[in-house]
Amino acid sequence: MDFQVVVLAGGTSTNLTPLVSKEVPKPLLPVANRPVLYYVLHQLEQSNLKDLIVVVEGEDAALLVGAWISRTFLDRLHVEIAAVPEDIGTAGAIRAILHHLTAKDILVVSGDLVSDVPPGAVAATHRRHDAVVTAMLCSVPVSGPSESGSSGGKDKAKKPGQYNIIGLDPGKQFLLHTATGAEIEKDARLQKRILRAVGQVLWILIICPLRSVLQEVLDLKDTFQSLKQDVLPFLVWSQLKSEALLNGIPQGEENGNEKVNQNNQLLVSRILANASTPSFHELCSEDPHGSAPIRKTHKCCAYIASGSSYCARLNSIQAFMDINRDVTGEADHLLSDTSSDRNNIIGPSPKLGTKTTVGPHCMLGEGSEMGDKCQVKRSVIGRHCRIGSHVKVVNSVIMNHVTIGDGCIVQGSVICSNVQLQERVVLKDCQVGAGFVVSAGSEYKGESLARKEK
């Protein structure tokens, strides 16, 4: 399979503050006590895709990620680390490494993806349809809080801008439209016409563009920053535009998911109606010089993951909580090489005090110790933590080398590495940044606690 694989690992994402830091960039955030980047690299290794370019934002973060990959995947993967400026965007990251891309097809994978969908299946769909771009789509549940209670977010319901509306052909093979929920609300009249043939809420996770087309788009559209929000909608719309131009339909200015004025809406609806026919991508036009027919449009394809597949991206604090809960619970098959019983995952050498209970779907890292009469429910506790007596931890993630004093209650919270909670601290729906000390007897709800940057 002659694909070139690019993993966009990110860096110090601001929407994950205070979880990320200079010492722990986003690719190394723990999911079930493993860096989130592990899950993508392991999946690629299992698919025999072992020559990779991992793009990291920031020189310091790139050094940390490169060192971790060298230790973890020694002699298993051939990885080139490419450092790019911070906040450059996914399109900007690809633009910055274009000189490294030599293959016909490029498999671009988000480094914060946790999924059991084999990348090879997406690649096979791309080749089968001879596509210019193929996107992997996964259904996104829009639901309220889980039965287990809070998991650190104030509102689990998806807001309009947090999901995507995808327009597909009747056979659900080709992309005809992409938009965010916010765009749907802003342009509802046009979108309703488009959605006649769709009605699915999906998440874009992996794209596989042809290098020549991608380079042309990035060169012409130097303002594009996002592959998902700029490049993909542009490619999807341009396949419809080529049909419109051949029919003499006037075009407005191009800008990603192109907006059209009221006079053109009827014409756009006709184009979309034609695009929704099974034969859309089989349409041909005669070459003006009388030679063989040529295809009018390029193909933008979709690979839809099955309903039983697990797909999630770690792109918010709420997602961080949800994924940790899932991987130690319903999606524990992603930890297939970890020793565990049917209820929880306990690392080697744990020390549990008398009458201490660790409930189902929990993880306790190597070398951690807990005092007497503690309770742990649906939580992940990292390595070498020291937890006192009469401590209650519920629906939380405790990272490595954390010290928790006697009588503390931690619920729906994230406690980063090297944090110290003194005696009788109560935290609910909080995030505590690395190295922070919470004073004895303190109570916080819905707070973000972190040391001030020097």
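Two strands count as paired if DSSP finds at least two bridges between them. Helices (H or I, at least four residues) and strands (E, at least two) are DSSP runs numbered from the N terminus. The model is predicted, so local features need pLDDT of at least 70 and side-chain atom pairs count only at pLDDT 80 or more, while totals for chains, interfaces and linings use all residues. Residues are numbered from 1 along each chain as its sequence is written, and side-chain values use heavy atoms, with hydrogens and water left out.

**Exercise 1. Describe the pairing and burial of strand β1 (residues 3-10).**

Step 1. Begin with the pairing to strand β6 (residues 105-110): β1 and β6 run in the parallel sense over six bridges. Within this pair, Val7 stands opposite Val109 of β6.

Step 2. Turn to strand β4 (residues 51-57), which is parallel to β1 and joined to it by five bridges. Here Leu8 faces Val55 in β4.

Step 3. Eight of the eight residues of β1 are buried.

**Exercise 2. Characterise the packing of helix α1 (residues 36-46) against helix α2 (residues 59-72).**

Step 1. Two packed helices are described by the angle between their axes and the distance between the axes. Axes are lines fitted to C-alpha atoms, for helices over the stretch in contact, with angles from 0 to 180 degrees between N-to-C directions. The axes of α1 and α2 come within 12 Å and cross at roughly 50°.

Step 2. Classify the angle. Angles under 35 degrees count as roughly parallel, over 145 as roughly antiparallel, 65 to 115 as roughly perpendicular and the rest as oblique; α1 and α2 are therefore oblique to each other.

Step 3. List the contacts, defined as heavy atoms within 4.5 Å. Leu37, Tyr38 and Leu41 of α1 meet Val65, Trp68, Ile69 and Thr72 of α2.

**Exercise 3. Give the strand order of the six-stranded open sheet and identify its edges.**

Step 1. The order is β18-β21-β24-β27-β30-β33, with parallel pairing.

Step 2. The edges are β18 (357-358) and β33 (443-445); each has a single partner strand, so one side of each is left without a neighbour in the sheet.

Step 3. Strands β21 (residues 375-377) and β24 (residues 392-394) pair in the parallel sense over three bridges, with Gln375 opposite Lys392 in β24.

**Exercise 4. Examine the backbone at Pro18, Lys373 and Arg424.**

Step 1. A cis peptide bond, with omega of about 5°, joins Thr17 and Pro18; Pro18 is in the loop between β1 and β2 (30-31).

Step 2. Lys373, in the loop between β20 (369-370) and β21, has a positive phi near 55°. Lys373 is partly exposed at 44% relative accessible area.

Step 3. Arg424 also has a positive phi, about 65°, although it is not a glycine. At 52% relative accessibility, Arg424 is exposed.

How values were computed: Buried < 20%, exposed > 50% of the residue type's maximum accessible area, 1.4 Å probe, protein only.
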